[in-house]
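Here is a short briefing on one protein model. Please keep the sequence and structure in view while reading.

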Amino acid sequence: MIAAEDVNGKVLYKDDDHCFVWLGADPESVTGVVQTNQYLIINKGRGVLLDPGGIHLFARVVATASRYISLDRIDTIFFSHQDPDVSSGIALWLGVTTAKIYVSSLWLRFLPHFGIVDQRRVIGIEETGSTLKLPAGNSLKFVPAHFLHSCGQFNVFDERSGILFTGDIGAAVFPPGKETVFVDDFNAHLPYIEAFHKRYMVANKVTAKWARLASSLSPKMIAPQHGAVYRDASVGRFLDWIAKLECGIDILDSIYKG
Ligand code: FE
């Protein structure tokens, strides 16, 4: 269960110039709708939104983000991939902010299907990733995470906080009432992540490659778009687990049943 004081968000990292905020749980979440996490980075008073979500979440995310920053100070919106729970609110977000959108270059021509999109404000990230300088001088790294699950997917590594935002990697599906903000007991968390990763991730060849890349960043936390945030020992436990995971085309016969 998520504590009442965390429903409207929780600061995961904070120093004088920089903070990284989890934007809270949806108190009116509907059974059967994928639970999503949104995050806000504020650096020298300017904002970056990570996967702000679909249309039905828009009003709540606007309200929660506004508790931390005024919308006209949001310069950047990042979409990890093209799924509707990540990006279907694009036209609404372009309307209420002056932000530029960053997304894999693979999805540039698909996003207009979510509404009227000014393509001049959408920047395609090239396959190998890129770096965005923040006002205080430190950087956000757009790190490749292709095929996990989307064929064009990026993570964001926030150098200053050491938090790695991983999109669908690390996602959990909780039974009602079992939601938590953090993963503190990886073994207890495993039943909530296993089925999702086995079916949605493409192959161990990719999960192992990604685990090496993610480990090289030495993240302090892993923040996924669904489920709970990995911290302390659960970060390493998760990276070890996914490095060895057989999934997707590794277990094709069990998915096709023959
Ligand atoms: Fe997805």
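**Briefing**

At 46% relative accessibility, Lys44 is partly exposed, because that class runs between the 20% limit for buried and the 50% limit for exposed. Lys44 sits in the loop between strand S3 (39-43) and S4. The model is a predicted one.

**Sheet and strand pairs**

- Seven strands form an open sheet in the order S1-S2-S3-S4-S5-S6-S7, and their pairing is mixed.
- Strand S1 (10-14) and strand S7 (122-125) are the edge strands, each pairing on one side only.
- From one strand to the next, the twist averages 20°.
- Strand S4 (residues 46-50) runs parallel to strand S5 (residues 74-78), and the two pair over four bridges.
- Within this pair, Val48 stands opposite Thr76 in S5.
- Strand S8 (residues 130-133) pairs with S9 in the antiparallel sense, over four bridges.
- Here Thr131 stands opposite Lys141 in S9.
- The hairpin of S8 and S9 has five residues between the strands, and Gly137 in this hairpin takes a positive phi near 105°.
- Strands of a sheet pair through backbone hydrogen bonds, either parallel or antiparallel.

- Asp83 and His149 are both buried.

**The loop between S9 and S10**

- His149 belongs to the loop between S9 and S10, and the peptide bond from Leu148 to His149 is cis, with omega near -5°.
- Phe147 is also placed in the loop between S9 and S10. Its phi is near 70°, a positive value in a residue other than glycine.
- Phe147 has a relative accessible area of 42% and is partly exposed.
- Most residues other than glycine have a negative phi, and most peptide bonds are trans.

**Second largest pocket**

- The volume of the second largest pocket is about 170 Å³.
- Its lining consists of Pro144, Ala145, His146, Leu148, Val206, Lys209, Trp210 and Leu213.
- Helix H5 (residues 204-216) gives four residues, the largest share of this lining.

**Other loop residues**

- Ser218 is in the loop between H5 and strand S13 (221-223). Phi of Ser218 is near 50°, again a positive value in a residue other than glycine.
- Ser218 is exposed, at 53% relative accessible area.
- Arg120 lies in the loop between strand S6 (100-104) and S7. Arg120 is exposed, with a relative accessible area of 70%.
- Arg120 and Glu159 are 39 residues apart along the chain, and 28 Å separates their C-alpha atoms.
- Lys44 and Asp17 are 27 residues apart in sequence, with a C-alpha to C-alpha distance of 4.9 Å.

Conventions
Residues are numbered from 1 along each chain as its sequence is written. This is a predicted model: local features need pLDDT of at least 70, side-chain atom pairs count only at pLDDT 80 or more; totals for chains, interfaces and linings use all residues. Side-chain values use heavy atoms; hydrogens and water are left out. Two strands pair if DSSP finds at least two bridges between them. Axes are lines fitted to C-alpha atoms, for helices over the stretch in contact, and angles run from 0 to 180 degrees between N-to-C directions. Buried means under 20% relative accessible area, exposed over 50%, partly exposed in between (1.4 Å probe, protein chains only). On a 1 Å grid over the protein atoms alone, a cavity is a set of points where a 1.4 Å probe fits but cannot get out, and a pocket is an open set with protein on both sides within 12 Å along at least five of seven lines; lining residues have an atom within 4 Å of a point. Grid points are joined across faces, edges and corners, and a volume is the space filled by probe spheres set on the points.
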